[in-house]
Amino acid sequence: MTRRIAVVGAGHVGPVIARIALDAGYEVAIAASGSPAKIALIAQVVIPGAEPQWASGAVEAADIVVLAIPLHRFVTFDPGLLAGKVVVDAMNYWPAADGVLDLFRDGRHTSSEVVQRRLARSTVVKALNHIGYQDLEEARRPAGSSERSAIGVASDDSRAAKAVEEMIERIGYDPVVMDSLSAGRVLEPGGPVFGALLRRPEFKLAIGARAEASA
Ligand SMILES: NC(=O)c1ccc[n+]([C@@H]2O[C@H](COP(=O)([O-])OP(=O)(O)OC[C@H]3O[C@@H](n4cnc5c(N)ncnc54)[C@H](OP(=O)(O)O)[C@@H]3O)[C@@H](O)[C@H]2O)c1
């Protein structure tokens, strides 16, 4: 069972993910690229209760790691840091912001497939990438609410997907599970649900999934 979440990335979206995870009752550590002292103030003011740490320490103790750094920084990120971990890839390839990156420019594979290939000793689950940080906190709703929005969860590993599905459920969204990182293409920028807040039936319609495809 997931108790502890590490958020790597303390920019726009990382602190919001940390905050909603704390609200959901998880223990949360947050890290940026350097010393925790650099994010101590933001953690104290914006994410009270989250523990600022070095990335290595945050990751080591975590059941699930959310990776929320820009992809242009991921290309030099040390994959060994995340070895053995379930990693939520909340990142998007955004050439306007990231520049054109050789690693991601070949559109035959989703960015998460590329991330998984690079993080060969981790298990990658795509999620939390398609809702803007401004909405992520506000759009949460309790289970059963008619206004509850859906969040896509895509992975090649059903066990890891299940763990992340439970996390998404607990933070206030209805998960829609896709059975491969490749199928997660619909979650990417330019895809049918990117940037949209949709209830689960509409989300499934938008991605073309059969209504009974996942609960
Ligand atoms: N913005 C959104 O609404 C949103 C929503 C969903 C998903 N996303 C995706 O999430 C990713 C991050 O977006 P953002 O807007 O939050 O970016 P951002 O504001 O530029 O975040 C940068 C953060 O990443 C950290 N970082 C960079 N390299 C690192 C490393 N090697 N190890 C640890 N931390 C590192 C930076 O730490 P330092 O300051 O120490 O360098 C900084 O805290 C992007 O791929 C984006 O597409 C964004």
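Student: Which residue in S7 is the bridge partner of Val125?

Tutor: The bridge partner of Val125 in S7 is Ser155. Before we go on, residues are numbered from 1 along each chain as its sequence is written. This is a predicted model, in which local features need pLDDT of at least 70 and side-chain atom pairs count only at pLDDT 80 or more, while totals for chains, interfaces and linings use all residues.

Student: What makes S6 and S7 a pair, and in which sense do they run?

Tutor: Strands are DSSP runs of E with at least two residues, helices are runs of H or I with at least four, and both are numbered from the N terminus. Two strands pair if DSSP finds at least two bridges between them. S6 and S7 have 2 bridges, in the antiparallel sense, so they meet the definition.

Student: How many bridges does S7 have with S8?

Tutor: There are 5, and this pairing is parallel. Gly152 stands opposite Val176 there. S4 (residues 64–67) also runs parallel to S5, joined by 4 bridges, with Val66 partnered by Val88.

Student: What order do the strands take in the sheet?

Tutor: The 8 strands follow S3-S2-S1-S4-S5-S6-S7-S8 in an open sheet with mixed pairing. S3 (51–52) and S8 (174–178) are called edge strands because each pairs on one side only.

Student: Why is S7 called largely enclosed?

Tutor: A residue is buried if 20 or more other C-beta atoms lie within 10 Å of its own, exposed if 12 or fewer, and partly exposed in between, with C-beta atoms placed from the backbone. In S7, 6 of the 6 residues are buried, so the rest of the structure largely encloses this strand. Ala150, Gly152 and Ala154 point one way, and Ile151, Val153 and Ser155 the other. In general, side chains in a regular strand alternate between the two faces of the sheet.

Student: How do you know whether Leu128 is buried or exposed?

Tutor: Leu128 has 29 other C-beta atoms within 10 Å, so it is buried. Leu128 sits in the loop between S6 and H8 (133–136), and its phi is positive, about 65°, although it is not a glycine. Most residues other than glycine have a negative phi.

Student: And what class does Pro189 fall into, on what count?

Tutor: Its count is 14 C-beta neighbours inside 10 Å, so Pro189 is partly exposed. Pro189 lies in the loop between S8 and H10 (200–207). Leaving aside neighbours within four places in sequence, Pro189 is in contact (C-beta atoms, placed from the backbone, within 7 Å) with Asn92, Trp94 and Phe194.

Student: What makes H7 mostly covered?

Tutor: In H7 (residues 111–118), 6 of the 8 residues are buried, among them Glu113 and Val114. The buried residues of H7 pack against several elements, including S6 and S7.

Student: Which residues touch the most other members of the largest nonpolar core?

Tutor: A nonpolar core is a set of buried Ala, Val, Leu, Ile, Met, Phe, Trp, Tyr and Cys residues joined through C-beta atoms within 7 Å. The largest has 72 residues, and Val8, Ile17, Ile30, Val65, Val66, Val88 and Val153 touch the most other members. Beyond its neighbours within four places in sequence, Ile17 is in contact with residues including Val66 and Leu128.

Terms used:
Two residues are in contact if their C-beta atoms, placed from the backbone, lie within 7 Å.
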